[in-house]
Amino acid sequence: MKKLFRTAAVAAVTALALAGCGGGGVSSPSNVTPTGEIKAREISWLLSRPADGAVINIMKKLAEDYAKDHPGFSLNLITTPDRPSYIQKLETLAAANKLPELFDTDATPFAQQLAKQGKMVDAEKLLKTLNVYDNYRPAALDYQRFDDRSLYMIPFQFELEFFWYNKALLQKAGVAAPKSLDDIPAMCTSLRKAGITPIAIDGQDQWPLERYVAYQPFREAGPDFIQKLKKGEAKFSDPAGQKSVEWLAALGKAKCFQDGFSSQGYSDAQNQFTSGKAAMYNIGTWELPSLATDKLNPAVRGDIDFITLPTTEGSATAANEFVSPSGIGMAVNAKTYDPLVSDFLKFALGKYPAEYAATGALSPTTDVKTAIPANATPLYKKAVEKAEDLGDQQAMPWDTQLDPTTNGRLQQELVLLVQGNITPEQFTNTMDSTVAQNAPKFFK
Amino acid sequence: MLPNRSRLSVLVFLLPPLLLYGAAVLFPILQSLFLSFFSWNGISDMEFVGLANYIRMFTADDVFWRSFFNALGYLTICLVLQLGGALVVASLLTSLRRGRELIKTLYLLPAVISTVAIAFLFVRIYSIDPVGLLNQLLDWIGLGSLERAWLSDVNTVLAAVSAPEGWRFTGLYMLIIYAALISVPKELEEAAVLDGASRWTLFTKIRFPHIRPVWITTTIMATTYGLRGFDIPYLMTNGGPGQSSELLTTYMYKTAFTSTDFGYASTNSVFIVIECLVAVGLILFMLKRKAES
């Protein structure tokens, strides 16, 4: 038995050593202009975007155009739209040192470790070399930056997150759209009294509820709070953290979210709002085609409007500063970066914005104008115009900021807090000790 | 005793599956054991931490213990539904004269439906908004006060995610137990009936002792499957709300592939392997002792 164990241990070490050997030859991440001949081959992009979405369709078309001048080139798009599954795939491939030429990632602590290990090409240098850097919206690039302001991901989208609401339902309950975040619990109570579900939320995917924990601290203390919290330099027991915890408990107490929200998915939540059952819905401009065009249920079409993230009294951030993500970014693998990848990116990034804006979406660049679709309602234009009036700061989604273990625990505890299964004190203690235990490993 | 040539051919035929088993099962288990002494997130350098992962697991991880007790609850519900349910249905089937095949097929159907489909089906059955089948039934029979979001309630979610797994394989175990039950010699049963044995005595003194070997096998199968239960709870609730339906397996998976804490996840997996071995040992021990007594 002893011998068997020893053999297995040796085998395990050998396997790991061999895996390590396979990962050699990392080229410099700052060398963005590789020299040499462009040799056409297939390159892969591991991505987490809707399979029939605009980004994939446009990149497919651009790859086909590029292949006309470079026979033998093809772009293999491997998409896993479900984000948790995608992250697991990405992390497993990174662990095996098998990442493809291009891969999607948010500016997570894990991605930062990859960047520090020289596995990703410096995107700021790359975009500057391609002469497109200045075209990008600063907010779109900032969303992709790590804490040290370094940039390793290229955005392909730009979105604004709003609170969509149904005017008729609010009117029926005798309430107005909230002016302050602190008005929301009272609004929910009135709506519940009128037999209306106050807010529809996709609880199954967990990130939508995690948005709510970010709102009060962003208004109370600005974007720095999460930067400090994730490293253990700020706590949930601090005033900004407590304000958020108490507010979430109040949302739960006022039954703001639909019954059984934690097991309801993305389409359940959307259906609740678009069928006129729920009065409010917090979602981004990626849903404009279903919320601000004639595809929207005619019964509610005339009643829908939106507000941006409400402020609070003495708010540290302005009304035009809210969640404005540029989506998951694309990183370029430094190990496989060669003249072909460089040349293809030059070709694709130059043509992409115009094609993307033509689909009615907000481009991450400012050099093109979003085409409003023919079937759009007036809300579409109103939403798109908000992008021109953004402040300098933006609320970062916390799931892209926290270390993965803390993030997972936070998502679980938030549900319990909002459902009233734990008290604000229990939530605060659990989360502060979770951050203290896990943050040092990721942010040392 | 087999002649030499036959022994050699048996070995030749047994070797490939044994090698495959070693590579696919034993090697990963041993590799997990090795990794459990390290701190490693997949991209960092591996750091030897000795028993630190084990100490953390046993003394400082509340989620681990919660998952462990949830896994025991999940196992209990699965076993009651699968073995208890299977035994009842199989016994009833033996007394049926017509339609046995149809009932067997109907009970077996869930075992061939894809796990994902079952998970989605039960999410809808348990739903409160829109009202799912279970809540609708409760309403119809006048138990409207029991209506709830079964998967969002921390008190009901564990039972709610265990039931589909139990329901799914009841038919399969029923089939195995039914096959054993019909092999009970008729003359023995008839003799007992003539001696005035009740149905219960007939079952406990004649039928059950006869099917005991099959019962042991099915209990071991159901227990190991139950301890390894993962897919349905993961798909239905992802361990939530909070950690109310988190099992050791889902927790281990998340620790490895979400938290990228491969060292600690390996520690969890070593615990699961030992837990399965202990469970099987206990079952064999208890049933052996019962048989002897």
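**Exercise 1.** In this predicted model, determine how many of the nine residues of helix 8 of chain B are buried.

*Solution.* First, locate the helix: helix 8 of chain B spans residues 186-194. Next, apply the criterion that a buried residue has 20 or more other C-beta atoms within 10 Å of its own. Among the nine residues of helix 8 of chain B, the count that qualifies is zero, so the helix is hardly covered. Finally, look just after helix 8 of chain B: there B:Gly196 takes a positive phi of about 90 degrees.

**Exercise 2.** State what average pLDDT chain B has and how the model scores in ipTM and pTM.

*Solution.* Begin with the chain: the average pLDDT of chain B is 90, and 98% of its residues score at least 70. Then turn to the model, for which ipTM is 0.84 and pTM is 0.87.

**Exercise 3.** Describe how chain A is divided into domains, and identify which elements give two or more residues to the side of domain 1 of chain A that touches domain 2 of chain A.

*Solution.* Start with the bounds. Domain 1 of chain A comprises 31-158 + 326-370, and domain 2 of chain A comprises 161-323 + 394-442. Their C-alpha centres lie 30 Å apart. The contact between them draws ten residues from domain 1 of chain A and seven residues from domain 2 of chain A.

Now consider the side that belongs to domain 1 of chain A. Helix 4 (109-116) and helix 6 (138-144) of chain A each give two or more residues to this side. Helix 6 of chain A supplies the largest share, three residues.

How values were computed:
Residues are numbered from 1 along each chain as its sequence is written. Chains are lettered from A and ligands numbered from 1 in the order in which they are written. This is a predicted model: local features need pLDDT of at least 70, side-chain atom pairs count only at pLDDT 80 or more; totals for chains, interfaces and linings use all residues. Domain bounds come from an automatic or database domain assignment. Two residues are in contact if their C-beta atoms, placed from the backbone, lie within 7 Å. Helices (H or I, at least four residues) and strands (E, at least two) are DSSP runs, numbered from the N terminus. A residue is buried if 20 or more other C-beta atoms lie within 10 Å of its own, exposed if 12 or fewer, and partly exposed in between; C-beta atoms are placed from the backbone. pLDDT is the predictor's confidence in each residue, from 0 to 100.
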